[in-house]
Amino acid sequence: MAAAQTEHEVPKSMLCPKFLHSNSTSHTGPFSAIAELIDNAYDTDVNAKQIWIDKTQIKDIECLTFMDNGNGLNYKSMHRMLSFGYSNKKVVNGKDPIGIYGNGFKSGSMHLGQDVIVLSKSKNDLCVGMLSQTYLERTGAEEINVPIISIKKPEAKHFSVMEEHQASLRDILDHSPFNTEEELLTELRAIESSCSSTGTRIIIWNLRRTSSGKPAIDFITDRYDIRIPCDDLDSSDPDSKYSLRAYCSVLYMKPRMQINIRGQKVKTQLISKSLAHIAKDFYKPSYVKKRIPIIFGYNTKSKEHYGLMMYHKNRLIKAYHRVGCQKDANNNRGIGVIGVIECDFLDPTHNKQDFVYTENFRNTIRNVATKLEEYWRQIRFKRKNSNRSNNVPIEEEEKRPDQNWAQCDKCQKWRRMPDGINNDKLPEEWFCYMNPDPQFRRCETMEEQEDPDSEQPANPKTYKIQEKDKKKHEKIKEFKKTSTLKKTRTPKEGASASGVSTSSSHPAVLGLKRLQPTTPQNESKRPKLDGPKRKLVTDMSPSSSTTPPTPVPHKDLNIDDNLLEGSSTPAPTEPTLHPVGVRTESDPMDSAYVAFTSPWNSYVDEPTVNYIIPQMRDEEEMRDKSIQIWDADEEDEEEIWDEIIEISDEEEEDEEMRGKSTQMRDEEEEEREEMRDKSTKMQGPRVKDEEEMNSSTAANDGAKVMEEGMISIIQAQEEQDQLMELLQSVFNERDSFKEKVGELHAQLELKKQCAEKLSREKEDLTRRLDQSRNELWKLHLKVKQLEEEKATTAGEPRDHGRV
């Protein structure tokens with residue numbers, strides 16, 4: 001056959017009839033195909049309130065039927081539904097359509113059976129269309145032909161079609177189970193049994209069979225259900241895997257349509273509200289403007305059925321998908337936990353049974369897995385703190401849903417039931433007027449909000465605070481243990497003979513810089529400033545403050561520059577008869593003190609030494625007074641070091657304050673370096689006749705250094721006052737922001753009140769509109785009844801003249 005061409009003589013692509021079968025193989029099972037037909041009735045263009053799925057026999061042919069009470073199809077919409085790739089569905093009243101590819105009906109119906117006929121009744125038209133592989137094979141068609149007819153004004157047993165539809169009518173009557181016009185009209189009138197003047201009826205025959213010849217769908221095991229034959233059922237498999245009734249109960253995240261399977265209504269459920277220990281978390285992808293809510297909770301029916309329920313535009317895509325810790329079979333983390341998330345930002349596959357495995361999908365699974373484990377840890381932490389005597393694992397205990405919701409069979413709105421009401425004991429048909437809450441007993445009343453705190457996460461993850469405190473206590477405990485060991489450490493051999501202390505009064509803090517001993521060559525830095533409050537840690541051991549120095553020949557002095565772990569002071573390499581007094585912490589008097597304890601003091605006369613020792617004591621008292629300026633009420637050693645640990649665990653919040661503190665320490669280091677250089681210059685060789693002058697000069701220098709130290713303290717206090725002023729300005733700015741937030745909150749409350757007023761007005765108008773519709777409907781019924789009576793009266797025989 002020659003290729004079909006356009007008016008520009010460009011060949012057109014052809015669609016082979018075999019494509020119907022290959023296209024249907026995208027579905028992995030019957031439920032996936034059935035869901036496509038349910039979606040078509042649910043979508044906004046049809047907007048059906050109810051759908052009936054059943055198995056029937058037509059002329060000894062086993063058929064699967066779908067019927068809804070939606071808006072119906074006209075000739076144009078019927079043709080598009082039987083074609084490929086046409087999808088012009090739009091958002092209506094904030095409701096997103098599920099269908100996006102224009103392929104669901106073809107792939108779904110052809111997966112269930114080889115042939116399908118569609119009968120639809122809209123406001124103005126009656127249409128019949130057929131998509132049949134058997135018909136295409138019998139006629140030898142090389143392209144997919146779809147017979148469609150539009151019926152105008154049907155009579156009791158016959159109807160008329162336009163001339164161009166005559167061929168389609170003959171093919172439908174010859175290759176479908178309905179061989180007469182009367183049989184077609186009977187099926188069309190069956191749509192009116194759905195208590196609606198419009199609707200669609202789909203009949204599928206030549207149902208699919210397995211490779212062994214058995215039916216792919218089981219109608220026998222349960223007369224009120226449609227099942228998939230399963231010979232190797234596992235207890236861990238959810239019911240939705242093999243039961244269409246269970247699958248349809250969770251097919252939509254928030255059901256708006258009543259589904260009836262083989263004469264019985266499916267008890268749909270709000271999956272996110274049917275869980276126990278419900279908590280909400282949020283996921284914010286970088287490419288999405290709004291946060292995506294995630295609902296976590298425990299399955300109240302079976303702990304074996306758990307995982308992630310992933311929806312797309314309210315439609316279930318992946319059910320009980322285990323993620324993260326739930327995949328590990330060697331532990332019980334996450335067992336029984338169900339997560340519910342609506343992933344409108346991801347792309348579903350064509351069969352709507354999975355998502356396309358993109359980088360966005362993998363990031364979503366990874367983040368949700370982390371949040372699921374955090375929920376599991378938080379629930380265990382909360383349970384342990386609330387009832388420590390309960391040793392039963394939460395997975396093993398009997399649970400009930402946190403909330404109970406029921407759906408009205410008339411208006412399809414969901415109503416929240418009071419606590420204590422068991423949904424299993426509600427009647428099969430439940431209406432709003434049965435609601436125990438009088439506020440929501442009318443169908444005209446708006447549906448109550450499910451999530452009043454939708455913007456606030458309900459899972460605070462307080463277990464993380466406990467873990468942080470636990471680590472902190474372990475850190476303090478380890479520090480105390482190390483402190484005790486260092487305090488009890490004995491001096492090394494050689495150091496004891498020289499009288500040099502091997503450990504300072506404050507051992508090194510874990511996680512902080514090592515406290516180094518102070519020598520003329522190495523001084524420790526000043527402690528870090530913590531805002532306006534400062535802690536000056538100073539060695540006040542008797543060895544450094546009250547013990548008079550003992551002279552030692554300078555030629556034998558050899559101090560090791562390497563520091564021991566902690567804050568021990570290096571000792572001379574060999575014992576000497578005249579050890580040097582060494583301090584372990586620096587202060588403004590360090591340089592003067594080094595001058596008085598230099599090796600050259602060993603050559604001075606006794607009167608000079610007697611003069612120096614009282615002078616040193618006076619200077620020590622003055623230094624003590626300067627220390628008291630910084631911390632008059634000095635805490636005990638344990639409290640000071642606990643505070644230092646807390647400071648080490650916190651981050652600096654004020655960058656400018658930290659910069660000023662660092663600059664002050666650098667200036668202090670430079671001043672001490674200059675003092676050290678001065679004291680080192682004073683330690684040169686002297687002749688005996690200059691000893692008295694040297695000691696006097698050292699005393700004067702010591703006083704001068706003490707005065708400079710006092711000046712540096714005053715400067716530090718001035719810097720502290722400046723920082724306090726800066727903090728005060730920050731606090732004032734914060735208060736101004738709080739006032740602005742209060743004003744915005746008041747404006748928001750005003751807008752919220754206006755919105756509530758508009759909502760009430762809208763509700764009133766809606767109620768009036770419903771009343772008008774009901775009156776119009778009653779008038780319509782009366783007109784219809786009068787027309788029927790008129791037709792009955794007109795059809796009666798007129799033979800009153802006979803006797």
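Which order do the strands of the open sheet of nine strands have, and what kind of pairing is it?

Mentor: Happy to. Keep in mind that this is a predicted model. The nine strands of this open sheet come in the order β6-β5-β4-β3-β7-β2-β1-β8-β9, and the pairing is mixed. At the edges sit β6 (160-161) and β9 (264-265), each pairing on one side only.

Let's start with β3, residues 113-121. Eight of the nine residues of β3 are buried, so the rest of the structure largely encloses this strand. On one side, β3 pairs with β7 in the antiparallel sense, over eight bridges. With β4 the pairing is antiparallel too, this time over seven bridges. β3 and β4 also make a hairpin, with four residues between them.

In β7, Trp205 stands opposite Asp115, while in β4 the bridge partner of Asp115 is Ser132.

Helix α4 (residues 104-112) lies across β2 (61-68), β3, β4 (126-132) and β7 (199-207). Relative to β3, α4 runs at about 125 degrees.

Strand β5 (residues 148-152) pairs with β6 in the antiparallel sense, over two bridges. Look for Ile151 there, which stands opposite Val161 in β6.

What about the packing? In soluble globular proteins, nonpolar side chains tend to be buried together. Here, the largest nonpolar core has 80 residues, and Ile38, Leu184 and Ile259 have the most contacts inside it. Helix α2 (residues 30-42) gives the largest share of this core, eight residues. Pick out Ile259 and leave aside its neighbours within four places in sequence: its contacts include Ile38, Ile51, Ile53, Tyr252 and Val266. A second, separate core has 27 residues, among them Val288, Tyr298, Ile317 and Trp376.

For contrast, glance at another sheet. Five strands form an open sheet in the order β10-β11-β14-β12-β13, again with mixed pairing. Its edge strands are β10 (275-283) and β13 (315-321), and the twist averages 20 degrees from one strand to the next. Inside that sheet, β12 (residues 307-312) and β14 (residues 337-342) run parallel and are joined by five bridges. Tyr311 stands opposite Glu342 in β14. Helix α9 (residues 359-386) lies across β10, β11 (292-299), β12, β13 and β14, at about 135 degrees to β10.

Zooming out, the chain has 17 helices and 16 strands. Of its 803 residues, 42% count as buried. Among contacts between residues at least 6 apart in sequence, 68% join residues at least 24 apart.

One last thing before you explore on your own: confidence. The chain averages a pLDDT of 75, and 66% of the residues score at least 70. Over residues 490-614 the pLDDT is below 50, though this stretch has 236 contacts in the model beyond near neighbours in sequence. For residues 685-689 the pLDDT also stays under 50, and the model has four contacts there beyond four places in sequence.

Key. Residues numbered from 1 in each chain as written. Heavy atoms only, no water. Pairing = 2+ DSSP bridges. Axes fitted to C-alpha atoms, helices over the stretch in contact; angles between N-to-C directions. Contact = heavy atoms within 4.5 Å. Core = buried A, V, L, I, M, F, W, Y, C linked by side-chain atoms within 4.5 Å. Buried < 20%, exposed > 50% of the residue type's maximum accessible area, 1.4 Å probe, protein only. pLDDT = per-residue confidence, 0-100.
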